[in-house]
Amino acid sequence: MEAGTAQTLTLTLRLQTRLPIPNSNASFQPRFTHSSHSPSPFTAHSYTGPKPKRDFLADWVSQNDDAVRTLPIYVGAASLLAVLLNRALSGIAPVADAGSSQSRADLLTLGLAVTNILTGLVWLSIRPKSITAASLVHFFALLFFILNVFSIGLCFLVQVNPQGVECKRFCTTLPDVARNELLWVWKSLSDATCCRSLVIVYDGSCVLQIGFAAETSAGDGEAVSVDANKLMQGSVYQGVMKSGAQSYLANLSLYPGKSELPFLPSNTQAVILQPLGDKGIAIIGGDTIRGFTASDQAWITYVGEKLDSTLAK
């Protein structure tokens, strides 16, 4: 009974609305229509959520950047002028008195005014600059200059082959102990550093000439011998013995004293002059400009002290 009444009521409502009665056996297929005039619920105009708030103070500062940067200067200058006028018109002594509270307040105010002026100057000095074509040209020019300097520095580290002949000369009066120690010094220097030539002059005579040396003008493959007396009379030897300290000629071609070392190969790049006490000198030639490091120089100093004690015996 109730089921029949509900079915009759449904049929009456559908007839009143002029809607077709769907077939119970047919499958339901919903249809969607879209009108270009009706606003879509996914358009940007349909967003009704919270909107970001604008910071009007930040916008004003960004739009008036020049005025904001110079504002501390004007405030500081006005404060400084006000303090000076107050000091001049208030009848207070013009000379600051540490015992007066007014004087202390004026000094504090002057400090704050000067701080404001300096702050404004700093803000003006750190103003960001826009990148222009000229700025890019300057940047690439600076980069090119740095690369050139770097390449020149690499050239200084290039080794060269000594232009000369190899020799090995000892003083005939050296005992075997001293000779073995001299050979150990040469082996250590040639293996650990850029040393390619070693000459030791002690007590007025050349006790060792080993490694590469300049070839004689005759071109017979013989090495130029070391003239100890002529070397000791030169300014290079005299300067080292007078100072009593090691002398490092990092780029031998720039020193006029190169002419006093004719026994070294013509393309010797660097030379260390190590005094051996007050009786001799060790001349160490290298194949690289600035090839001897600070640790090499310190180690050669200690080696020179050891050779001095050995040769003194």
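A polar contact is a pair of N or O atoms within 3.5 Å; within protein, one must be able to donate a hydrogen and the other to accept it, and residues adjacent in sequence count only if both atoms are side-chain atoms. The model is predicted, so local features need pLDDT of at least 70 and side-chain atom pairs pLDDT 80 or more, while totals for chains, interfaces and linings use all residues. Residues are numbered from 1 along each chain as its sequence is written, and side-chain values use heavy atoms, without hydrogens and water.

**Exercise 1.** Describe the surroundings of Thr-193.

*Solution.*
1. Thr-193 sits in the loop between helix 6 (176-192) and strand 2 (195-202). Helices (H or I, at least four residues) and strands (E, at least two) are DSSP runs, numbered from the N terminus.
2. With a relative accessible area of 8%, Thr-193 is buried (under 20%; exposed is over 50%, partly exposed in between; 1.4 Å probe, protein chains only).
3. A polar atom of the Thr-193 side chain lies 2.5 Å from the backbone oxygen of Leu-189. A polar atom of that side chain also lies 3.3 Å from the backbone nitrogen of Cys-195.
4. Leaving out residues up to four places away in sequence, Thr-193 touches Ser-188, Phe-292, Asp-296 and Trp-299 (contact: heavy atoms within 4.5 Å).

**Exercise 2.** Determine how many disulfides there are.

*Solution.*
1. The criterion is a pair of cysteine sulfur atoms within 2.5 Å.
2. For Cys-171, the closest cysteine sulfur is in Cys-206 at 8.4 Å, which is too far for a bond.
3. Cys-195 is in no disulfide, as the nearest cysteine sulfur, that of Cys-194, is 7.5 Å away. Cys-195 is buried at 0% relative accessibility.
4. The count is zero disulfides.
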